[in-house]
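Please load the model in your viewer and keep the selection panel open. The stops below are arranged so that each selection leads to the next.

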Amino acid sequence: MIKISSKIDHLGLFSNKNPDTSRALFKLGFRAAGGCDRLIPDERGKLPANAHFVLDNGYMECVLEKPSGYKEYDITEGGLIYFEFACRDIEEAYKNSLEKGFKSSDIVHAGRYADHGEKKGEARFDCILLETEIIENVLIGAVEHKTRDLFYKNNRYSHENGALRIEEVILFSESTEYSEKVKNGVEDFQEGLGDYEKEEGIRNLTFMNTEECNERFGLDTVKGKLNKAGLILKTEDMDKCLECVKSSGYPYKEINDSIVVNLLDELNIFMVFEK
């Protein structure tokens, strides 16, 4: 098992097998923009391209409309498709990536309307996307929030399952050499990102093999499947969470004071809820 101290702002989930990745999260009691429990079409009847599920320290983005021009989306069955790492200064992140030998896109200025809680408005971001692969078939970028308070200081909408934080992200490798290579690459990239308060960001990224996963979570995971991942989430109410999990219909088990939800068939991920 290899542990990496990370500075992840948000992560992306995608599936070629089940294009509406948000369906599973809604069924498990998560709430999206506007506090919605389902996808809401706009005034033209068009559904959003992505659905955002915001927690106290980061968020999950479900990619509903596959972007063109990225091989990663074409060759995956589904799972975790990208990480955006949080950075203080996008210029520094860009400069560091080049100094470390990573090929990077130019800086992109982006925005979208954000309704994740009490404050609402136009969210603005500066981003880069690495063209050098650090994690197999996972896109990696950095994002500088220009309007961070719309996400993380916002009396956000509560999730029915009581979820508060994304505590850890688990990826898989049967090779210690590969895991160490990824660790070094992530740490090199993170050197130019600056830092936030300790409670912000998804701070734990773990590589484990299938045997370790079975021992820790009681899950038999298929070896060699691209983009397979586990998400460990903190909840303030385990009883409420268990109600949501039971009503979802997804297979689950209670193990080591946690609730393990098996979404491997649908999304190539699993979720673990703990107090």
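Select N227 to begin: at 6% relative accessibility this residue counts as buried, where buried means under 20% relative accessible area, exposed over 50% and partly exposed in between, with a 1.4 Å probe and protein chains only. N227 sits in the loop between α6 and β10; helices here are DSSP runs of H or I with at least four residues, strands are runs of E with at least two, and both are numbered from the N terminus. The phi of N227 is near 70 degrees, a positive value in a residue other than glycine. Most residues other than glycine have a negative phi.

The model is predicted, so local features need pLDDT of at least 70 and side-chain atom pairs count only at pLDDT 80 or more, while totals for chains, interfaces and linings use all residues. Residues are numbered from 1 along each chain as its sequence is written, and side-chain values use heavy atoms, with hydrogens and water left out.

**Two further asparagines**

Move to N137, in the loop between β6 and β7. N137 also has a positive phi, about 60 degrees, although it is not a glycine, and N137 is buried, with a relative accessible area of 2%.

Next, select N154, in the loop between α4 (149-152) and β8. N154 counts as buried at 3% relative accessibility. A polar atom of its side chain lies 2.8 Å from the backbone oxygen of L150; a polar contact is a pair of N or O atoms within 3.5 Å, and within protein one must be able to donate a hydrogen and the other to accept it, with residues adjacent in sequence counting only if both atoms are side-chain atoms. Leaving aside neighbours within four places in sequence, N154 is in contact (heavy atoms within 4.5 Å) with H116, G117, E118, K119 and D149.

**Helix α6**

Select residues 210-217. Which residues of helix α6 are buried? They are T210, C213 and F217. Seen down the axis of α6, these residues fall within an arc of 55 degrees, so they line one face of the helix; the arc is that of the directions from the helix axis to the C-beta atoms. The face turned away from the buried side carries the exposed residues E211 and E215. Among the elements covering the buried residues of α6 are β8 (163-172), β9 (202-208) and β10 (229-235).

Now inspect the two ends. N209 caps the N-terminal end of α6, with a side-chain oxygen 3.1 Å from the backbone nitrogen of E211. Just after α6, G218 takes a positive phi of about 65 degrees.

**Helix α3**

Select residues 90-99, where I90, A93, N96 and S97 of α3 are buried. Viewed down the axis of α3, the buried residues fall within an arc of 125 degrees, so they line one face of the helix. They pack against β6, β7 and α5 (176-190), whereas the face turned away from the buried side carries the exposed residues E91 and E99. At the start of α3, a side-chain oxygen of D89 reaches to within 2.9 Å of the backbone nitrogen of E91. Just after α3, G101 takes a positive phi of about 90 degrees.

**Pockets**

Switch to a surface display. On a 1 Å grid over the protein atoms alone, a pocket is an open set of points with protein on both sides within 12 Å along at least five of seven lines, a cavity is a set where a 1.4 Å probe fits but cannot get out, and lining residues have an atom within 4 Å of a point. Grid points are joined across faces, edges and corners, and a volume is the space filled by probe spheres set on the points.

Select H10, E61, Y82, E84 and C127, which lie nearest the centre of the largest pocket among its 26 lining residues. This pocket holds about 650 Å³ of space. Its lining has 16 nonpolar, 6 polar and 4 charged residues; Ala, Val, Leu, Ile, Met, Phe, Trp, Tyr, Cys and Pro count as nonpolar, Asp, Glu, Lys and Arg as charged, and the others, Gly among them, as polar.

The second largest pocket has a volume of about 460 Å³. Of its 18 lining residues, A33, P48, N50, H52 and Y113 are closest to the centre.

**Cavities**

The largest cavity has a volume of about 50 Å³, and its lining includes R31, H52, D115 and Y157.
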